Amino acid sequence: MWAILFFLLPLIGIAYIGWHIWTLLPLHWAWKSLILVCGIGCFGLLFLVVGKRLDTLSLPLSQVLYEIGTSSIFIMLYLVIIFLLLDLGRLVHLVPHTWLYSNWWSAAGIFVIIFTVFLYGNLHYKHKVRVPLELTTSKPLPHDYKIVMASDLHLGYYNPRTELARWVDMMNAEHPDLILIAGDIIDGSIRPLIEEGMAAEFRRLDAPVYACLGNHEYYSGEPNAQKFYQDAGIHLLSDSSTMIDSALVIIGRDDRTNLHRKSVEDLVANVDKSKFTLLLDHQPYNLEQAEQSHIDFQLSGHTHRGQVWPISWITDAIYECSWGTHQRGNTHYYISSGLGSWGGKFRIGTQSEYVVATLRNEP
C-alpha cells in the first residue's frame, strides 16, 4: 500500500504541475514540450539514486545528478502548493482566470517565488545552529562534561568531505569531552565516503566519538558501515554499552530496521543504575521505553523535523516529539533535526543543528 502511494503521488503531482505549466506558458507547443521533458527528466534522476545506479558513474557526475534528482522533489512539492492555492483562489473568485492561462507575468512571479524560497532554504541549510543544552544529575560525577551531540550527517554524494571537514572544525572548536552521534552518518552509498577518504576527517576529532546505527547505515550495507566506523575511529555501540570514567554509561541501540534488536529493558539489565545513563537510539519511537528503564537521557534523530515546511507538520503529528527537548518522568530527551539533510540542501521552517550539552551535578 505504502509502496503504491510512494510512486503514485509523485506521478499525480507531476501530471498536475505539467498541465498547469502547459496552460500557463505562452509558448509554442515544442518549447513547452521541451520544458516538461527537462522537468520530468530531473525528477527521473531520483530513480538513479534509489536504484544505486550512481555508483557506476564518475564521482563528480554522480554528485551533480544526485543533487538535481533529490532537489526536484522539494521543488515539485512547492509548485503543487502554489498551483493548488491559485486554483482555490480561482474557485472562490479571488484569482482571475487569466492569471493561469498564457500569462508571462504569472509565470515570472511563480519563478521568482520558487527561486527566492529555495535560495533562502539553501542558505539556511548552510548555517548550522549551535543548540546549548544544560543537563544536571544527582548521580555523582568526577567533573562537568561537555558533550557535542549530532545526528543525521548523511555523508555521501551531496555532503562531501569538504563539508565534513567544516563540521569537524566546528566540533573541535567546542573542546568537548565526548562526541555522540545518533545514527545516519552515511547517506545511502558508502562509495563516496571511501573514495574521498572521509574516515581521515573523523580521525581529526579531538574527543572520543560514540555512535549508533541508523536506517541509512542499513541502506548502505551494515557490514560496510561497520567497517567505515572502525576505519574512522568511531566507537560503534550496536545493542551494547560502554562506561566512561566509572561515572557515565553510554548505551547504543541498534536501529529499528533490525527487527531482532534488543529492547531497552534488555540493554539496561546489567547496567549500574547508580551511573548517569545516556541512550543513543536513532529513531524516536516508543519513548516510554527509556522512561520505564530509568534512562537519564536519550539522544535521537531521524525525523529531520520534516526538513521543509509543511512536511514538518507531518512529523510533528507522527512522533511524540519530532524535534527539541522533551521529558517523560525523570528521563530527558533531545530529538535532533540533524546536522545534514537528505536530498537537496534545503531547510525551510526547520534547522540544521548540533547540540553542545553541559552535564554537571545538581547544586
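**Exercise 1. Find which residues of α2 meet which residues of α3, and describe how the two helices pack.**

Step 1. Start with the contacts, meaning heavy atoms within 4.5 Å. From α2 come C42, F43, L45, L46, L48 and V49, and they meet L65, Y66, I68, G69, T70, S72, I73 and M76 of α3.

Step 2. Sort the residues of this contact by class: 11 are nonpolar, 3 are polar and none is charged. Here Ala, Val, Leu, Ile, Met, Phe, Trp, Tyr, Cys and Pro count as nonpolar, Asp, Glu, Lys and Arg as charged, and the others, Gly among them, as polar.

Step 3. Turn to the geometry. Two packed helices are described by the angle between their axes and the distance between the axes. Helix α2 covers residues 29-50 and helix α3 residues 59-91; their axes come within 7 Å and cross at roughly 120°. That makes α2 oblique to α3. Axes are lines fitted to C-alpha atoms, for helices over the stretch in contact, and angles run from 0 to 180 degrees between N-to-C directions. Angles under 35 degrees count as roughly parallel, over 145 as roughly antiparallel, 65 to 115 as roughly perpendicular and the rest as oblique.

Step 4. A crossing is left-handed if the near helix is turned anticlockwise from the far one by less than a right angle, and right-handed if clockwise.

A word on the model before you go on: it is predicted, so local features need pLDDT of at least 70 and side-chain atom pairs count only at pLDDT 80 or more, while totals for chains, interfaces and linings use all residues. Residues are numbered from 1 along each chain as its sequence is written, and side-chain values use heavy atoms, with hydrogens and water left out.

**Exercise 2. Work out how α3 crosses helix α4 and which classes of residue make the contact.**

Step 1. Helix α4 spans residues 104-126, and the axes of α3 and α4 come within 11 Å, crossing at roughly 135°. The two helices are therefore oblique to each other.

Step 2. The crossing of α3 past α4 is right-handed.

Step 3. On the α3 side, look for F74, I75, Y78, L79, I82, F83 and L86; they meet I110, I113, I114, V117 and F118 in α4. By class, this contact has 12 nonpolar residues, no polar and no charged.

**Exercise 3. Trace the open sheet that contains β6 and β10, and find its edges.**

Step 1. Follow the order β6-β7-β8-β9-β11-β10: 6 strands with mixed pairing. Helices (H or I, at least four residues) and strands (E, at least two) are DSSP runs, numbered from the N terminus. Two strands pair if DSSP finds at least two bridges between them.

Step 2. β6 (240-244) and β10 (324-328) are the edges; each has a single partner strand, so one side of each lacks a neighbour in the sheet. From one strand to the next, the twist averages 20°.

Step 3. Check both ends. β6 runs antiparallel to β7 (residues 248-252), with 5 bridges, and I244 has L248 as its bridge partner. At the other end, β10 and β11 (residues 331-335) are antiparallel and joined by 5 bridges; there R328 is partnered by T331.

Step 4. Look at the turn. The hairpin of β6 and β7 has 3 residues between the strands, and D245 takes a positive phi near 55° there.

**Exercise 4. Trace the open sheet that contains β12.**

Step 1. The order is β1-β12-β2-β3-β4-β5, again 6 strands with mixed pairing. β1 (128-137) and β5 are the edge strands, each pairing on one side only. The average twist between one strand and the next is 25°.

Step 2. β4 (residues 209-211) pairs with β5 in the parallel sense over 3 bridges, and V209 stands opposite I234.
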